[in-house]
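Me: I am new to this structure and would like to learn how to read it. Could we take a few features in turn?

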Amino acid sequence: MTIDLSKPRYDQGTYIGRLRHFSEVTDPRNLLATDSQLQAAKDLVSNYKLGKADPNIPEETLWKAKKLVDSTFHSDTGEKILLPFRMACFVPTNALIVAGMLVPNPSIASIIFWQWINQSVNVAFNFANANKTTEMNMSETVFAYSTAVASSCTIAVGLNQYVQRAKGFSPSTLMMMGRAVPFVAVAAAGTLNVFLMRSKEIQEGISVFNKDGETVGKSQNAAWSGISQVAVSRVATAFPAVFLPSVIMSQLEKTKFLKSNPRLHAPLNLLTICGSLMAALPCAVALYPQIAEVPVEKLEPQFRQLRGNDGERIKTLYFNRGL
């Protein structure tokens with residue numbers, strides 16, 4: 001049976017199918033593949049699509065190669081994504097950053113430092129995994145980066161200062177508010193970061209294509225939709241990764257075990273962060289399919305009278321929302 005390697009292995013029309021797909025794409029074990037293995041996987045997938053590969057290759061071998069390609073090479077350019085900023089590296093790259101942001105009673109200098117690091121990494125992930133049909137130049141990237149970092153630091157410091165000066169709340173409420181500050185700061189600044197780093201897509205639009213993969217133009221509406229979906233998935237990733245570890249650790253700190261072994265606090269905290277990130281990332285990214293379909297009525301007027309090769313009016317177009 002011929003396999004269609006131009007599409008994911010699992011049905012992207014269902015959440016479970018997307019979850020299975022993105023669980024494979026974000027699997028950190030993909031990072032263990034060597035450059036030669038990655039190139040071999042890319043060549044195998046390419047040759048199979050062209051009908052040049054051995055037809056007797058086991059199906060599982062083909063899907064394994066497809067998984068490595070999807071997690072390593074950009075879907076628009078075909079170029080290898082820089083290692084620290086592949087989605088498979090999201091958990092290792094972000095775990096220590098989240099741990100730094102969750103340090104209790106941080107100083108203003110500490111807040112600024114970790115927000116700067118976090119937003120710098122966010123900029124890199126957003127740039128590396130964005131739709132590449134409309135790219136920003138260096139000056140546009142520097143402006144977006146500077147604005148994102150400045151806004152994140154302002155939000156985080158402002159919220160932290162508010163909690164410290166808040167009156168009329170019980171100690172437990174203040175503690176919960178303090179633990180919520182990192183999440184609110186990360187969610188707000190992260191959302192702004194996505195829109196800033198991909199602002200040129202909103203200004204100029206991104207490529208939309210028909211069911212045959214033929215580009216039919218650029219759409220600002222598609223860009224808005226795709227970027228908004230990415231922003232929602234970023235917030236969905238941040239919530240369990242930033243909020244849950246502090247809640248779990250607050251309970252563990254009350255146990256005799258941790259009181260008797262205070263040196264285990266840091267590694268246990270890091271373990272809960274990694275676990276939360278590992279669980280949250282594919283669940284959040286899978287909220288929407290990477291290749292989104294949109295009715296032409298929701299796009300600009302110029303797309304509403306297009307006709308396909310069969311002469312029928314096109315009712316649905318597609319675009320890559322990025323990750």
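Reply: What follows goes through the nonpolar cores, a surface patch and a database annotation. The model is predicted.

Me: Which residues have the most contacts inside the largest nonpolar core?

Reply: In soluble globular proteins, nonpolar side chains tend to be buried together. Here the largest nonpolar core has 29 residues, and Met87, Val98, Ile273 and Leu277 have the most contacts inside it. At least two residues each come from helix 1 (15–25), helix 4 (90–101), helix 5 (108–129), helix 7 (171–197), helix 9 and helix 11 (265–285). Helix 4 gives the most, seven residues. Another core lies apart from this one, with 15 residues, including Leu5, Val45, Val69 and Phe73.

Me: What is Ile273 in contact with, beyond its neighbours within four places in sequence?

Reply: Ile273 is in contact with Ala95, Val98, Ala99, Leu102 and Pro245.

Me: Which residues form a nonpolar patch on the surface?

Reply: Tyr15, Ile16, Val232 and Leu287 do, with about 330 Å² of accessible area together. Val232 sits in helix 9 (residues 220–252).

Me: Which residues does the "transmembrane region" annotation cover?

Reply: The unreviewed UniProt entry gives residues 95–117, 180–197, 231–249 and 270–291. Such an annotation may be inferred rather than shown by experiment, and the model can be read alongside it. Residues 231–249 are 100% helix and 0% strand, with end C-alpha atoms 28 Å apart. Residues 95–117 are 74% helix and 0% strand, and their end C-alpha atoms are 12 Å apart.

Methods
Residues are numbered from 1 along each chain as its sequence is written. This is a predicted model: local features need pLDDT of at least 70, side-chain atom pairs count only at pLDDT 80 or more; totals for chains, interfaces and linings use all residues. Side-chain values use heavy atoms; hydrogens and water are left out. Patches are made of residues with over 30% relative accessible area and no salt bridge: like charges are joined within 9 Å, nonpolar side chains (Val, Leu, Ile, Met, Phe, Trp, Tyr) within 5 Å. Accessible areas come from the Shrake-Rupley method with a 1.4 Å probe; for residues, only the protein chains shown count as cover. A salt bridge is a side-chain nitrogen of Lys or Arg within 4 Å of a carboxyl oxygen of Asp or Glu. Helices (H or I, at least four residues) and strands (E, at least two) are DSSP runs, numbered from the N terminus. A nonpolar core is a set of buried Ala, Val, Leu, Ile, Met, Phe, Trp, Tyr and Cys residues joined through side-chain atoms within 4.5 Å. Buried means under 20% relative accessible area, exposed over 50%, partly exposed in between (1.4 Å probe, protein chains only). Contact means heavy atoms within 4.5 Å.
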